[in-house]
Amino acid sequence: MTSLPNQIFFAGSYANKDQSGIYTVEFNPNSGEMTIKSMASGVDNPSYLAVHPNGRFLYATSEVGAGAVVAFKIDPNTHTLKEINRHSTGGSSPCHLFIDHTNRKLIASNYGSGNAAIFPILPDGQLGAMENLLAHEGRGPNPERQEGPHAHSAIISPDNRFIIIADLGIDRLVVYAFNSGSDFVEKHGDTVAAPGAGPRHMVFHPNGRFLYVANELNSTVSHYELDVTKGSLTHIETLSTLAKPNPDSFVADIHLAVDLKHLYISNRGDNSLAIFEVADNGRITFKDAPSCGGNWPRNFALEPNGRFALIANRRSNQIAVMGLDNGAVSTAPTAQLELSDPSCIKFLTQGVTQ
């Protein structure tokens with residue numbers, strides 16, 4: 001097998017601002033070994049990260065009551081981080097970031113307040129003043145988790161025309177018409193998920209038609225198809241992410257494999273990584289849900305060569321590297337890295353999905 005050059009990834013975590021919260025890690029894609037190269041502090045709960053595709057800038061949420069998003073410059077040689085500016089997200093507990101496909105705008109989803117903020121990305125990597133704040137109303141049937149709106153993530157269709165926000169609190173995928181060249185954003189429609197599903201994270205197939213949604217509260221994944229002319233979503237199917245029922249499990253993250261033939265979803269509580277095969281027509285088939293190599297897999301990343309899944313197991317305070325082979329996941333970690341409260345992993349060189 002051809003030897004591959006080492007890579008860099010960044011890990012976010014739940015840490016106080018006076019503690020190291022964002023880690024720069026060197027990853028060996030041949031062995032799976034990881035080495036922390038540097039650490040950055042100054043941000044309360046930098047729980048979610050987004051790396052600019054040009055590799056020069058990184059953005060982090062500050063997941064606290066008065067939420068913020070923080071912009072960093074990445075040193076091209078050492079990959080250390082230097083803060084360049086920050087802004088309020090206009091809400092509470094921001095938990096997700098997404099950069100549009102022209103690299104002009106960043107969307108921050110505020111879980112606590114149920115809204116999403118849009119910022120322009122300036123040429124020097126700084127974030128400009130907030131341009132839009134998209135707010136939702138309503139509630140769902142779960143009195144503890146759905147007492148109001150909870151925007152858990154926002155992504156943009158591959159043609160860059162539509163924003164889709166997964167709102168866990170109101171069981172809806174809210175669609176907005178979008179133009180990255182201006183501050184135009186307009187509500188376009190919404191799609192209702194199953195009552196109590198709690199849509200959390202999403203991933204688009206690069207063809208722009210297939211959308212897969214990880215539903216946190218009922219441990220399922222839903223497949224929708226986007227009509228790219230109308231901007232409307234049609235539900236195709238919903239499947240369980242568990243090999244057997246587990247009421248104490250909650251879905252977290254979702255990613256498409258590099259080969260586009262497999263879909264992976266992390267199950268917190270069940271502590272597994274669900275594997276689905278993806279057919280040419282977008283339909284999915286559950287295959288297995290092996291161990292995630294730790295406890296409470298909040299987020300994971302697929303390294304760009306498709307050889308490994310790196311899983312942020314928050315409650316076991318480690319990142320587990322699990323080998324991938326034609327969709328299958330290794331039975332035990334290839335390597336592990338101790339790290340306090342890990343919550344997000346983003347490679348400097350990005351793969352299929354953010």
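Colleague: Which residue of β25 is the bridge partner of F300?
Modeller: I311 in β25 is the bridge partner of F300. This is a predicted model, where local features need pLDDT of at least 70, side-chain atom pairs count only at pLDDT 80 or more, and totals for chains, interfaces and linings use all residues. Residues are numbered from 1 along each chain as its sequence is written, and side-chain values use heavy atoms, with hydrogens and water left out.

Colleague: How many bridges join β24 to β25?
Modeller: Five, and the strands run antiparallel. β24 covers residues 297–302. Strands are DSSP runs of E, at least two residues, numbered from the N terminus. Two strands pair if DSSP finds at least two bridges between them.

Colleague: What's in the turn?
Modeller: Five residues separate β24 and β25 in that hairpin. G306 sits in the turn with a positive phi of about 80°.

Colleague: And which way does β25 pair with β26?
Modeller: Antiparallel, over six bridges. L310 stands opposite V321 in β26. That hairpin has four residues between the strands, and N317 has a positive phi near 55°.

Colleague: Is β25 mostly covered or open?
Modeller: Mostly covered: six of its six residues, 308–313, are buried. Buried means under 20% relative accessible area (1.4 Å probe, protein chains only). F308, L310 and A312 point one way, while A309, I311 and N313 point the other.

Colleague: New topic. Why does N267 count as buried?
Modeller: Because its relative accessibility is 0%. N267 lies in β21, residues 262–268.

Colleague: What does N267 touch?
Modeller: Leaving out residues up to four places away in sequence, its contacts include T241, F250, S272 and P297. Contact means heavy atoms within 4.5 Å.

Conventions:
Buried < 20%, exposed > 50% of the residue type's maximum accessible area, 1.4 Å probe, protein only.
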